[in-house]
Amino acid sequence: MVNKPEATAERMSEQLTPHNYRAVRFAMLVFIITQIVPFFTLFSAKYLYDGSYVSPQANQGFGVAVSVLMAISAIVAWQAVRAGRLYQDRDMVGRRLKTATAIGLLAIMGEIYQWGMRYVTPQSRFGEMYYMIFGADYVYAAVGLIMMAIAIIRNIRQNMAPERFWTSDASVYFWVYVCLAWIASWFFVYII
Amino acid sequence: MAQAAVTPEQAPKKRPKKAMMPPVLRGALWAAIGFLLVNTFVIAVDPFRGHPFVTGPSVTLGWVGAVIGWLLGIGVYDTVLLPLMGFDTKWVERTRGWRRYWEVATDHKVIGLQYMMFALGGFLIAGGIAMLMRYELMTPYMTIFHYPSNYLTAVGIHGTIMMFSFATVFMVGGLGNYFVPLMIGARETVLSKLSGIGVWLVPAGILTVLFSPLLGAWTTGWRGYQPLAGQDPNGILFYYLGVAALTTSSLIVALNLVTTVMFRRAPGMTWGRLPLFVWGQVTVNLLMLIWFPEIQTTFVMGLLDHIVPMNFFTATGSPMTYLMLFWLFGHPEVYIIAVPAFALWNEIIPVMAQKSLFGRQWAVIGLVFVMMLSGLVWAHHMFTNIRNSEILPFSFFTEMISIPTGFAYMAAVGTMWKSKIRLTTPMLWILMSMFNFLIGGMTGVFLADPIVNLQLHDTFWVVGHFHYTIIGSMVFSSFGAIYYWLPKLSGRTFQETWGKTLAIITFFAFNLTFGQFFLLGLHGMNRWVPAYPSYLQPMNFEVSIFAFILGASFLANIIYIGYCWVNGEKAADNPWSAKTPEWFTSSPAPRWNFPVQPEIVGSLYLYGEGTKVPVVTTAYDELAATSRQSQDPNYDWHDYMPGRPEN
């Protein structure tokens, strides 16, 4: 167990007031909504270029497995938010953040494996959009993982009072968006 | 107003004695390191590109490393990264002196001035390039540009920097950041740190686009047209990347201002009382939140088309798709630039007329409907490329959008009607802006007509049209705004004689330059050409002369404003007798804007007998001014409302 230091007076000065908490949560949600636009654009391009074609080379099993793992990761991550809000339990928040990140990493590794196997050739319309859409997923997942890592480090180092759970909340909000984007990508690339 | 008492615990923190490297230098150093590290890594893992050190993929990823290094070096490492992860930081924000403008700040006024400073830098750079273009066009053969691709690269850099780092940035990032919080009675923005970081993407973006020729010429103009871009060397990569940095910065501004308007309005500042300029900002911020992610995605696809390569927009892909995706963003972008100008007209005119704003609700409705319709007109940029059956609805909506635009004119003209208007320098600029945009709008109606459009497309008529709409609305209004708010920004004022003289010279130079673009277009002068038939030379020659005068007059205005900023006479607190909240605090405004939280008790646009002062401070806040809240950076009046259980 890591010895968690107490918050210094300097750190305490950055406390969020309830109204500010609502404001930053609103900003985060607006930001996430704006980030639906890139996927809307990409899915439209996929439909335009390739209709509803799905390459038989795309490994459906991996697609389902990755999506299920992402869904589980999102649920576990959301439990971290609930642990902060309902129980204000710093340890519980930390455990759930780590579990969600680990499951998410596993899902990403699965998709990397599929890329590595080159089941789908990039020299096709389907392949171009496949790599483009999941490439976008990777970029967002990388940002999401960095945010989750920061939340975990902060959880270890800082005594999180109730209004200080926002850092982990924000990371989870974004991570849930990453998971949902991944599942939507699977749906559009593999199913329709 | 009550004076705030400062207790020892509130005393500003002192900066550490050990001198830190100036943030800009550290940012440049870390950017260079970031570029070298990532570029070298990519070359190491991908050595098959045939170039010894810099390849398309390596320079793209290297640029990402450079921007991350730049942001960390400029202050993100100390101000965000360390505290975010729970580490102590020795960073203390400067509250005075010129150095605070050269590092990450959280004061929205400092950030606003940083945006204005960088945007003006972009304006001067892109304006200088425009002078080179006009010098080239003084003769029908090539002179200073040796190849057409060099000229086209200059056109592209001019357009890109003007559109993405000046037109979009100055009024929204600059004036918006500075004045929106003041105008809604807020003491700070919500996402102040993020905003302080975002501004530093602007110089990164400008320099990226400016130095794009290092990687080769690009011939697409500010639109990055595909599949043309597919034939260009790697210079086009820095176009995509530079625009990505600039649009990300503007996206942060939009997010911050929308959230601030939602959550930081003073008590009594209802949506019905919101200042016109703030309404304009909110509407364009929503447009930016919708369309900037869309164009960023499109540019990423264009980038991958180039460096992987893919075939999204090439001849084997779908060439029209890029045009569609670009103009889906491109036309709202025009309104992102113009709508704050419409709002400014109706912000300044009632003040100068000292008359109640005519049809205020209609003015607001006009802004909102322009915003909504702007997403329905994009294909009028492609009338030469699409089927006749597809043209008609876009022609219809393009002509329809002139109706809500007309609401802005209606409110302005209605306010001026039978008023004793003060023809001050700001008012003169606003009237000129209205005239110029009227010309731009009317020539746009011609272009909305498909038959005329097919004749005028790709001629200087179109160039004249959009310079009238962009410079006519945004640049003239911005100068009006700067003269109007100069007393607030600097605490100093200017001489009307000088201000008006410079305004009039600029107005005539502008009209004599761009007015003749319409004639050039009708005579057959094409866009995108450094060489042209010799019968067009006389008019091109004189247009260039007027363009040089125009460039000099813009420069003279900037120099004069700078001079007055430092050496002008001391200004009165509210020299125009305006009613919006920014005038109810000292000039320049203090760190937390108002000594105590103001309250809005009446309309900001009602003038005449019997109208009351709309901005007051509540008794509760007068009391609070003696306590910690008055100087608390986290102060929020919502949390100190009487009756809350914790109070």
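**Entry 1: a helix pair in chain B.** I am working on a predicted model here. I started with helix 3 (residues 108-136) of chain B and helix 17 (residues 537-567) of chain B, whose axes come within 9 Å and cross at roughly 160°. Angles over 145 degrees count as roughly antiparallel, so I noted helix 3 of chain B and helix 17 of chain B as roughly antiparallel to each other. I also looked up the hand of the crossing of helix 3 of chain B and helix 17 of chain B, and it is left-handed.

Which residues make the contact?

**Entry 2: domains of chain B.** Next I checked how chain B is divided, and found domain 1 (20-55 + 68-84) and domain 2 (105-567). The C-alpha centres of domain 1 of chain B and domain 2 of chain B lie 31 Å apart. How many residues are in contact between the two? I found six residues of domain 1 of chain B in contact with four residues of domain 2 of chain B. On the domain 1 side of that contact, I noted five nonpolar residues, one polar and no charged ones.

**Entry 3: chain B against chain A.** I then turned to the two chains, where 31 residues of chain B are in contact with 32 residues of chain A. On the chain B side, the elements that give two or more residues are helix 2 (56-84), helix 7 (235-263), helix 8 (276-307) and helix 9 (319-353). Which helix gives the largest share? I found that helix 8 of chain B does, with nine residues. By class, the side of chain B that touches chain A has 17 nonpolar, ten polar and four charged residues.

**Entry 4: annotated spans of chain A.** Last, I opened the UniProt record, an unreviewed entry, which annotates "transmembrane region" on residues 26-49, 61-78, 99-117, 129-152 and 172-191 of chain A. I followed up on two of these spans in the model. Residues 61-78 of chain A are 100% helix and 0% strand, with the end C-alpha atoms 26 Å apart.

Terms used:
Residues numbered from 1 in each chain as written. Chains lettered and ligands numbered in written order. Predicted model: local features only at pLDDT ≥ 70, side-chain atom pairs only at ≥ 80, totals over all residues. Contact = placed C-beta atoms within 7 Å. Helix = DSSP H or I, 4+ residues; strand = E, 2+ residues; numbered from the N terminus. Nonpolar A, V, L, I, M, F, W, Y, C, P; charged D, E, K, R; others polar. Domains from an automatic or database assignment. UniProt positions renumbered as here; feature names shortened; annotations may be inferred. Axes fitted to C-alpha atoms, helices over the stretch in contact; angles between N-to-C directions. Parallel < 35°, antiparallel > 145°, perpendicular 65-115°, else oblique. Left-handed = near helix turned anticlockwise from the far one by under 90°.
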